[in-house]
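Let's take a look at charged side chains and the partners they pair up with. Have the model open as you read.

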Amino acid sequence: MSTEPPTAGAALTAALRADIDRLIDAEPEVRADAADSVHQMRVATRRLRSVLRSYKRLLDPDAANRIRTELAWLAGILGVARDAEVRGARFAELLDRYAENDSPALEPTRDRLVRAERDRYTSAHAEILAALDSKRYRAMRRELKGWRKQPPLTESASHAPAAEEFDQVLRADRRRVRRLVRAEPTAAPGDRVELLHDIRKSAKRLRYSCEAAAPVLGAAAPRLGGRAKQLQTVLGDHRDAVESYEALRARAAEAHAAGEDIRLYETLADAEDTAAGRCLAQYPAAAAAIDKS
């Protein structure tokens, strides 16, 4: 017995349901401050927002834009805690690798780098809990739960073939990455870091749209999504190293103003500058892979 191919609406509903469940399931872990829970909820929030953007032609624009705005609000709050968590862990690892245990500068430097970020995380996590207890979050969660079974699809989405619609989305997201990659060699030096960040974000969007399309389009979508993930990872590692370098320079300036020895800060900053260069060396191959069939 033959079966009808899935409609775009049915396929998108299934993809959204998985992403919504991922977001809602993360909430208890975040409330308990479980390891990596803020990161997981932030990823779920960004992933859902990205899918809504990529597949927007299948959704009522007013409803989709409203939820995307709420997801951006939540992601911003989660991001403050996550950024502090990442910086604290990264600074601790750098100190373990490069600092001498008997250095008199070690503890003042650790206070300014690691302990300060952990304090920022604690404060930011309290803000997350306040957000999760707010009427705004509860309203968003309630609406998303309704979307699990009945998202605000357009009339055409209810009948259009899923394969055709999802393929168009992947093609558009892939073109966006290619366009930014082509623009990168001509970017002014002062603009390059931000353009690389935009390429990373576009690669992440392509990755998520591929993952949503995998049940519809088969193996081709995960293959392209894997290459997009690699590009995202390379540029994400580069961004982390650049931001760590800049934070170290800023903390060094604060330490210098306080009369502290800043040679350890300089050593750590040099290490991050080197790490950023290593990541950037992997970029051309990762960008070129997006063009593979």
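Is Arg 97 buried, partly exposed or exposed? With a relative accessibility of 49%, Arg 97 counts as partly exposed. Keep in mind that this is a predicted model.

## A pair within one helix

Arg 97 has a salt-bridge partner, Glu 93, with N and O 2.9 Å apart. Both sit in helix H3 (residues 61–98), and because they are four residues apart, about one helical turn separates them. Glu 93 is partly exposed too, at 45% relative accessibility.

Now for a salt bridge between Arg 178 and Asp 291, whose closest N and O atoms are 2.5 Å apart. This one ties together distant parts of the chain: Arg 178 belongs to helix H6 (residues 162–183), while Asp 291 lies in the segment after helix H10 (283–289), 113 residues apart. Arg 178 is partly exposed at 26% relative accessibility, and Asp 291 is partly exposed at 48%.

Glu 194 and Arg 239 make another salt bridge, with 3.0 Å between the closest N and O atoms. Glu 194 is partly exposed, at 42% relative accessible area. Arg 239 has 15%, so it counts as buried, the cut-off being under 20%.

## The wider picture

How many salt bridges does the structure hold? The count is 33. Some charged residues join up in a network: Asp 19, Arg 22, Arg 47, Arg 207 and Glu 211 are linked by salt bridges.

Terms used:
Residues are numbered from 1 along each chain as its sequence is written. This is a predicted model: local features need pLDDT of at least 70, side-chain atom pairs count only at pLDDT 80 or more; totals for chains, interfaces and linings use all residues. Side-chain values use heavy atoms; hydrogens and water are left out. A salt bridge is a side-chain nitrogen of Lys or Arg within 4 Å of a carboxyl oxygen of Asp or Glu. Helices (H or I, at least four residues) and strands (E, at least two) are DSSP runs, numbered from the N terminus. Buried means under 20% relative accessible area, exposed over 50%, partly exposed in between (1.4 Å probe, protein chains only).
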